[in-house]
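Here is a short report on one protein model. Look at the sequence and the structure first, then read on.

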Amino acid sequence: MLLWFYSMKNVLAIHDISCVGRCSLTVCLPIISAMGSTCASLPTALLSTHTGGFDGFTCLDLTDEMRKIVAAWRPLSLKFDALYSGFLACAAQTDTVKNLIAEYKTPHTTVIIDPVMGDDGKLYKVFDKAFVEKMKQLLPLADILVPNITEAMLLTDTPYSDGSHTPALIESILIKLQKAGAKQVVLTGVFFKEGELGVAVSGAQSPYYYFTPRIAGSFHGTGDIFGSVLTASLMRGVRLEAAAAAAADFVVQAIHATPPNADTRYGVNFEAVLKTFAVCTSNIV
Ligand code: PXL
């Protein structure tokens with residue numbers, strides 16, 4: 001038992017705590033733990049709720065506290081197998097992430113960066129163009145970049161257009177992100193025809209695509225669920241394409257487990273999927 005514990009992978013999740021709304025650390029911690037890795041956390045901000053659809057939310061930027069936490073960790077000689085970053089409270093925190101990577105990246109550490117900035121063609125209202133420019137600076141540090149299509153377009157200065165994509169567009173975005181320094185890219189929100197939704201994973205030749213039937217609606221926190229399952233699967237030694245497919249399947253199952261009349265600001269029932277452990281045991285190869 002003890003030996004198994006010591007051989008567990010250790011993930012550092014660098015995300016906010018949204019107290020209510022099932023996203024960021026409140027999904028990273030349970031998913032990554034249940035899938036068999038230790039999940040340490042470095043909170044970037046403390047919010048009453050996430051910023052999507054709640055009026056009057058509070059947000060405490062934890063940049064200074066992050067610096068103190070990392071300083072207090074220094075004597076502990078911590079080692080992480082993955083650094084997984086998400087929502088940052090301000091542009092300056094991109095420098096905090098850079099410093100963390102400089103401090104903790106070893107040849108055995110995978111850096112997974114979700115450049116959380118927007119969705120549906122729009123920046124989240126707490127961010128601006130300057131934030132996008134700073135986020136671009138993290139691309140060369142990403143072993144795996146996990147943008148949605150909106151974020152990928154912002155990072156590559158590609159005009160956003162509604163409607164289905166073409167393989168040529170998706171491939172050009174993946175190439176631009178890799179030219180900007182991301183080693184591998186897992187792009188979410190891709191579709192070539194109505195009724196499907198999927199991911200594109202950059203590859204040496206053409207991308208790997210994985211599609212699931214599109215479920216009508218927009219569901220909060222699914223990007224963080226996707227990133228957490230992806231990270232935890234990679235920690236289990238699953239190759240990137242299969243990890244991306246498992247993460248997409250998990251999100252679909254979580255949406256199906258959510259009552260159809262639920263207020264989607266409160267996220268999806270990922271707990272129900274974790275309870276079955278379907279994704280943890282059988283779906284991934
Ligand atoms: O799920 C991404 C996310 C994380 N954290 C906060 C957010 C969002 C998206 O809106 O507002 C605080």
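Start with Arg22. Arg22 sits in the loop that links strand 2 (17-20) to helix 2 (25-34). Helices (H or I, at least four residues) and strands (E, at least two) are DSSP runs, numbered from the N terminus. Arg22 is not a glycine, yet its phi is positive, about 45°. Most residues other than glycine have a negative phi. Arg22 counts as partly exposed because its relative accessibility is 23%. Buried means under 20% relative accessible area, exposed means over 50%, and partly exposed is in between (1.4 Å probe, protein chains only).

Ser24 lies in the loop between strand 2 and helix 2. Ser24 also has a positive phi of about 45°, although it is not a glycine. Is Ser24 buried or exposed? Ser24 counts as buried, because its relative accessibility is 1%.

## How the model was treated

This is a predicted model: local features need pLDDT of at least 70, side-chain atom pairs count only at pLDDT 80 or more, and totals for chains, interfaces and linings use all residues. Residues are numbered from 1 along each chain as its sequence is written, and side-chain values use heavy atoms, with hydrogens and water left out.

## The whole protein

The protein has 11 helices and 13 strands. Its radius of gyration is 18 Å, close to the 19 Å that the globule rule gives for 285 residues, so the protein is as compact as a globular protein of that length. That radius is taken over C-alpha atoms, and the globule rule is 2.2 Å times the number of residues to the power 0.38. Along the principal axes, the C-alpha atoms fill a box of roughly 55 × 45 × 45 Å.

Of the 285 residues, 51% are buried. Now take contacts between residues at least 6 apart in sequence: 68% of them join residues at least 24 apart. Contact means heavy atoms within 4.5 Å. The protein carries 22 positive and 25 negative side chains, and the centres of the two sets lie 5 Å apart. Lys and Arg count as positive, Asp and Glu as negative; His and the chain ends are not counted. The place of a charge is NZ of Lys, CZ of Arg, CG of Asp or CD of Glu.

## Helix 8

Helix 8 covers residues 222-235, which is 14 residues. From its first C-alpha to its last, helix 8 reaches 20 Å, close to the 20 Å expected at 1.5 Å a residue. The expected span is 1.5 Å times one less than the number of residues.

How many residues of helix 8 are buried? The count is 13 of its 14, and helix 8 is mostly covered. Gly237 follows helix 8, with a positive phi near 90°.

## Thr94 meets Lys134

Thr94 belongs to helix 4 (residues 93-104). Thr94 counts as buried because its relative accessibility is 0%. Leaving aside neighbours within four places in sequence, Thr94 is in contact with Leu88, Lys134, Met135 and Leu138.

Lys134 is found in helix 5 (residues 129-136). Not counting residues up to four places away in sequence, Lys134 touches Ala91, Thr94 and Asp95. Lys134 and Leu42 are 92 residues apart along the chain, and their C-alpha atoms are separated by 20 Å.

## Asp120

Where is Asp120? Asp120 is in the loop between strand 8 (118-119) and strand 9 (122-123). Leaving aside neighbours within four places in sequence, Asp120 is in contact with Thr150, Tyr160 and Ser218. Asp120 and Ser161 are 41 residues apart in sequence and 9.5 Å apart in space, C-alpha to C-alpha.
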